[in-house]
Amino acid sequence: MSPSPSEDSLMNSFLDDYFAECDEHLTAVRRNILALEASLDGGRADMSLLDELFRSFHTSKGLSGMVGIKDAERLAHQIESYLGGLRKRRTPATPEGLNGVIAGVNVLEQVIAARRENRTLPAIAAVLERLAALTAAGEAAGEPEREETAPVAPPPMSSPAPSAP
């Protein structure tokens with residue numbers, strides 16, 4: 001059963017709103033990435049920029065899921081995961097990581113544009129893998145070292161030696 005004309009019109013209106021929202025978030029993302037790049041020169045990522053970026057991707061992920069654009073949802077989720085590691089200081093802020101985010105943003109923009117123009121969606125697997133590797137590497141680096149051996153139990157308490165008569 002195909003959607004009625006009014007359902008099509010409603011979905012098209014909803015998609016128009018989705019594209020407008022995405023455009024706003026991606027504009028903010030580009031601006032914040034430039035500022036974040038500058039803050040990395042000092043060796044530390046600006047927490048307020050990370051928070052804003054995280055929120056933009058979190059919102060983009062939710063919006064993409066609502067309209068059924070799964071590739072955009074997956075990309076936004078993976079970028080959000082990486083940024084979450086940065087925010088919690090489990091993942092170090094590095095130029096390599098920032099380049100991974102930029103690559104993710106570029107592909108996310110391509111996915112949204114392709115959907116808007118009814119074109120074939122670009123491949124996302126490579127950038128998803130790159131972002132997942134950055135996230136995993138950061139989390140592994142931030143984990144405390146685990147002991148390779150079981151802890152040694154304390155010696156049993158001995159009873160006092162009998163006293164001599």
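Me: Are K61 and E80 buried or exposed?
Reply: K61 is buried, and E80 is too, where buried means under 20% relative accessible area, exposed over 50%, and partly exposed in between (1.4 Å probe, protein chains only). The structure is a predicted model, in which local features need pLDDT of at least 70 and side-chain atom pairs count only at pLDDT 80 or more, while totals for chains, interfaces and linings use all residues. Residues are numbered from 1 along each chain as its sequence is written, and side-chain values use heavy atoms, with hydrogens and water left out. For K61, and also for E80, the class is buried.

Me: Which helices do K61 and E80 link?
Reply: The side chains of K61 and E80 form a salt bridge with an N to O distance of 2.7 Å, a salt bridge being a side-chain nitrogen of Lys or Arg within 4 Å of a carboxyl oxygen of Asp or Glu. This pair joins distant parts of the chain, 19 residues apart, with K61 in helix α2 and E80 in helix α3 (residues 70–87). Helices (H or I, at least four residues) and strands (E, at least two) are DSSP runs numbered from the N terminus, and the two helices linked here are α2 and α3.

Me: How many residues apart are E109 and R30, the pair that links distant parts of the chain?
Reply: E109 forms a salt bridge with R30, and their closest N and O atoms lie 2.9 Å apart. E109 belongs to helix α4 (residues 95–116) and R30 to helix α1 (residues 5–40), with a separation of 79 residues. E109 counts as partly exposed because its relative accessibility is 21%, and R30 is partly exposed with a relative accessible area of 42%. The separation asked for is 79 residues.

Me: What is the N to O distance in the salt bridge of E117 and R119?
Reply: E117 is partly exposed because its relative accessible area is 46%, and R119 falls in the partly exposed class at 45% relative accessibility. The side chains of E117 and R119 meet in a salt bridge, and the N to O distance is 2.6 Å.

Me: Is S56 buried or exposed, and which residues is S56 in contact with?
Reply: S56 sits in helix α2 (residues 47–67), and S56 is buried because its relative accessible area is 8%. Contact means heavy atoms within 4.5 Å. Leaving aside neighbours within four places in sequence, the residues in contact with S56 are H25, A28 and V29.

Me: Which residues does I69 touch, not counting residues up to four places away in sequence?
Reply: I69 lies in the loop between α2 and α3, and I69 is buried because its relative accessible area is 4%. The C-alpha atoms of I69 and V111, which are 42 residues apart along the chain, are separated by 8.6 Å. With residues up to four places away set aside, I69 touches Y18, S64, V111 and R115.
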